[in-house]
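Hi everyone, thanks for coming. Have a look at the model on the screen, and I'll walk you through a few parts of it.

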Amino acid sequence: MVNKLIVAAALFLFGMGVTPGFAPQAVTPPPPAEQVVSISPALGIPVLLYHHLLPAEENPYPENGAILPVESFVQQMQLLHKHSYHTLSLAELELYLQGEYDPPERSVVITFDDGYQSNYIYAYPILKKYGFRATVFVITDLVPVHTQPFQPTVLTYMSWEEMEQARDVFEFGSHTCALHALDAQGESLLLSQPEAVVQEDLLASAAILDTPYFAYPFGRHNKTVRAMLPELGYRLAFATHPELARPGADPYQLGRYTILPDLDREGFCQIIGLTDEEGQ
Ligand SMILES: [Zn+2]
C-alpha cells in the first residue's frame, strides 16, 4: 500500500539522519503518523470501484465477491463525509491528470461498473444525501427501455428513465454496448472480436451516452484497444489494477481500487489515505 510505502520511506530517511555511534534510544522520535500517511493530491487520487449492492439480509449469494453489502457502502460513505472528502467528476479528474486542476486535499473518485439497478435503489440516495457524485459505467445494450421491478434475487439494470432521474448524482461512462462478455476461450470480447466490430461498438456507446470516458470490461485491455480509444474520441479509460491516478499517468491505463465485501474499515481507510486514528 502507498501509505505503508510512505511510512517506510519516511522511516528510511529518518534512519539515514542518525549519526553513527549514537545509541538507538538517543534517536529523536519520528513525526506524528498523520503528518506522513495521508494521501494528498500530490501523490494521486484513489478511484473506487463498486459493482452490485444488496442489503446483507436480502443477499441470496453471500459468497459472491461482486456483491457488496449496502451496510458496508453506507459506512464507507459516512466515513468519507465525516472526513470532508470531495468527490471528483471525471472532468475534474481529467484536468487534474493534465496538471490543470488542483483538487481539494481529500479527494476521491467513486465509480460503479455494469449499471446495476441496485446502484439506483441503494447507492443513489446515500450519495445524494452527502452531496457526493459518482460515475456509472454502463453496458448500453443491457439498459432496459422500461424500468424493471426491483427484486434482490434477480440481476436487473438501471433503465434509461432511472439514469435520467439520477443525473444530479451520477454521470455515465461507457462499458461497451455489447462486448461485456467472455468468448469460448475465456477472453474478453473487447480483445477477441475483429477490430471493426470493436470500433463500431465503442463509437456507438460513446454516442449513446455522450461520453469520452470508458471502463474496460473485466479490467482487461491490450495495445490494440488502447490505441483505438483516442481515435474514437475517448480521453480516459479505467482498468482495475490498484493504483492511484496521478498526473503523468497513461490516461488509457488508469487504476482503480475494487471495493470487495471482505474489505474492512482499516483497509478502506488505507485506500482513501486516512490514518487509523483519523478513521475512528
Ligand atoms: Zn463490468
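This is a predicted model: local features need pLDDT of at least 70, side-chain atom pairs count only at pLDDT 80 or more; totals for chains, interfaces and linings use all residues.

Residues are numbered from 1 along each chain as its sequence is written.

So, the overview. The protein has eleven helices and ten strands; helices (H or I, at least four residues) and strands (E, at least two) are DSSP runs, numbered from the N terminus. Of its 280 residues, 36% are buried. By buried I mean that 20 or more other C-beta atoms, placed from the backbone, lie within 10 Å of the residue's own. Now contacts, meaning two residues whose C-beta atoms, placed from the backbone, lie within 7 Å. Among contacts with a separation of 6 or more, 66% are between residues 24 or more positions apart.

Next, please find strand β6, residues 134–138. How many of its five residues are buried? Five of the five, so β6 is largely enclosed by the rest of the structure. A134, V136 and V138 cover one side, with T135 and F137 on the other.

What does β6 pair with? Pairing here means that DSSP finds at least two bridges between two strands. β6 runs parallel to β5 over four bridges, and D114 stands opposite V138. From β5 the chain crosses through α5 to β6, a right-handed β-α-β crossover. Right-handed means that, with the strands pointing away from the viewer, the path from the first strand over the helix to the second runs clockwise. β6 also pairs in the parallel sense with β7, residues 170–174, over five bridges, and there V138 is opposite S174.

Now helix α3, where V70, S72, Q76, M77 and L80 are buried. Those residues fall within an arc of 160° seen down the helix axis, so they line one face; the arc is that of the directions from the axis to the C-beta atoms. The elements covering them include β2, β3, β5, α5 and α10. Just after α3, S84 has a positive phi of about 60°.

Last stop, α10: its buried residues are F268, C269, Q270, I271 and I272. G273 follows α10, with a positive phi near 80°.

How values were computed
A residue is buried if 20 or more other C-beta atoms lie within 10 Å of its own, exposed if 12 or fewer, and partly exposed in between; C-beta atoms are placed from the backbone.
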